[in-house]
Amino acid sequence: MLALTELGQRLRQERESKGLSLEDLQKLTKIQKRYLLGIEEGNYEVMPGKFYVRAFIKQYCEAIGLDTDAIFEEYKSDIPSTQTEDMPQQLSRVRSRKEIPQHTKGVSKAYDYLPTVLVVAGVVVVGIIIWVIAQNIVSDKNKEQANQEAPNSEVQQSNTQEETNETTAKNDNSNSEDEQSAADKKEQEKEKAEKEKAEKEKAEKEKKDSGKQEYKEVQKTGRSATYALSGTDAFNLEVTSTQADTWLDVKNGKGNAFFSSILKKGETKEFDLTKETEARVNIGYSPGVELKVNGKAVDLPFDSSKQVRQVVTIQYQPAEAQ
């Protein structure tokens with residue numbers, strides 16, 4: 001195993017501190033595991049080219065939440081600069097007619113007859129298939145005729161007995177099934193009523209809060225933005241990833257983490273931050289990530305196609321404190 005560079009040690013420590021394996025990182029960045037390992041070990045020879053070294057290191061940093069520009073500046077001695085690389089000479093696979101050994105001429109003539117042989121073989125195979133199908137048709141017709149001529153009284157008697165048994169079983173079970181069905185129906189109606197009541201209360205609360213809730217931008221710089229949430233007595237945050245797995249880190253103003261792990265594709269995490277005055281949301285891969293504050297969708301501060309990693313800070317002031 002190669003000795004780790006200072007950059008490799010820094011990246012590996014940051015990855016392991018977030019509980020990510022190389023397999024997890026491979027899913028996030030779509031970079032093969034052997035290239036990620038090569039970055040950590042400083043073994044850039046395994047890369048397709050020097051350009052890919054810098055590109056892969058950039059994606060690695062963004063996936064684990066590091067500032068790419070700062071990393072490139074701090075460890076520029078460990079990272080190769082991109083230069084035009086010499087293209088490998090193309091090896092010709094064309095051989096002149098004179099270079100072809102004479103003993104292969106006989107084989108070449110044999111190949112000239114190959115299409116004719118294949119056509120003849122195909123005709124023979126088709127003929128055999130047609131003959132087999134014809135024999136099966138004749139056999140099926142004979143069996144069908146024999147079955148029609150045979151008496152079917154035994155079959156009719158068996159069917160009658162089966163129908164009688166089924167009728168008896170249905171009569172025996174009808175009472176118990178009716179009782180169970182009535183109980184199940186009553187329970188389902190109760191659950192439905194409770195669910196509708198809860199949904200109605202939630203909708204009324206969200207409607208009441210949305211009428212006075214205010215969510216406005218305070219500051220925006222680099223990949224970070226700050227918003228102020230006011231006019232509401234609740235601070236509930238929902239984060240959903242719809243396109244791919246992403247690294248998600250949610251902390252309060254004191255640095256205490258509520259969640260710091262991979263958010264799977266299609267997964268939603270909910271956080272009740274009503275008792276907090278500030279929340280910091282660090283998104284490692286923002287395309288397809290949706291944010292909701294108190295049930296209301298809010299936009300990410302930056303275009304996710306241009307700014308993959310985004311940090312959103314929400315400052316909360318309850319309505320009763322205003």
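Colleague: Is the crossing of helix 2 and helix 3 left-handed or right-handed?
Modeller: The crossing of helix 2 and helix 3 is right-handed (near helix turned clockwise from the far one by less than a right angle; anticlockwise is left-handed). Helices here are DSSP runs (H or I, at least four residues), as are strands (E, at least two), numbered from the N terminus. This is a predicted model, with pLDDT of at least 70 for local features and 80 or more for side-chain atom pairs, while totals for chains, interfaces and linings use all residues. Numbering starts from 1 along each chain as its sequence is written, and side-chain values use heavy atoms, without hydrogens or water.

Colleague: What angle do helix 2 and helix 3 pack at?
Modeller: About 110°, with the axes of helix 2 and helix 3 9 Å apart. Axes are fitted to C-alpha atoms, for helices over the stretch in contact, and angles run from 0 to 180 degrees between N-to-C directions. So helix 2 is roughly perpendicular to helix 3 (65 to 115 degrees; under 35 is roughly parallel, over 145 roughly antiparallel, the rest oblique).

Colleague: Which residues make the contact of helix 2 and helix 3?
Modeller: Helix 2 brings Leu22, Glu23, Leu25, Gln26 and Thr29. Helix 3 brings Lys33, Leu36, Leu37 and Glu40. Contact means heavy atoms within 4.5 Å. By class, that contact has 4 nonpolar, 2 polar and 3 charged residues (nonpolar: Ala, Val, Leu, Ile, Met, Phe, Trp, Tyr, Cys, Pro; charged: Asp, Glu, Lys, Arg; polar: the others, Gly among them).

Colleague: And helix 2 with helix 4, what angle there?
Modeller: About 105°, axes of helix 2 and helix 4 10 Å apart. That makes helix 2 roughly perpendicular to helix 4. Leu25, Leu28 and Thr29 of helix 2 meet Gln59, Tyr60, Ala63 and Ile64 of helix 4. The helix 2 contact with helix 4 has 5 nonpolar, 2 polar and no charged residues.

Colleague: How do the axes of helix 3 and helix 4 cross, at what angle?
Modeller: At roughly 90°, and the axes of helix 3 and helix 4 come within 11 Å. So helix 3 is roughly perpendicular to helix 4. Tyr35, Leu36, Ile39 and Glu40 of helix 3 touch Phe56, Ile57 and Tyr60 of helix 4. The contact of helix 3 with helix 4 divides into 6 nonpolar, no polar and 1 charged.

Colleague: New topic. What lines the second largest pocket?
Modeller: Leu28, Thr29, Lys30, Gln59, Glu62, Ala63, Ala244, Thr246, Trp247, Gly284, Tyr285 and Val308. On a 1 Å grid over the protein atoms alone, a pocket is an open set with protein on both sides within 12 Å along at least five of seven lines; a cavity is a set where a 1.4 Å probe fits but cannot get out; lining means an atom within 4 Å of a point.

Colleague: Which element gives the largest share of that lining?
Modeller: Helix 4, with 3 residues. Helix 2, helix 4 (50-64) and strand 4 (246-252) each supply at least two. The second largest pocket's lining has 6 nonpolar, 4 polar and 2 charged residues.

Colleague: What lines the largest cavity?
Modeller: Asp24, Lys27, Asp245, Ile262 and Lys264. The largest cavity's lining divides into 1 nonpolar, no polar and 4 charged.

Colleague: Last one: where is Thr5?
Modeller: Thr5 is in the segment before helix 1 (6-17). Leaving out residues up to four places away in sequence, Thr5 touches Glu40, Glu41, Gly42 and Asp78. Thr5 and Tyr75 are 70 residues apart in sequence and 9.6 Å apart in space, C-alpha to C-alpha.
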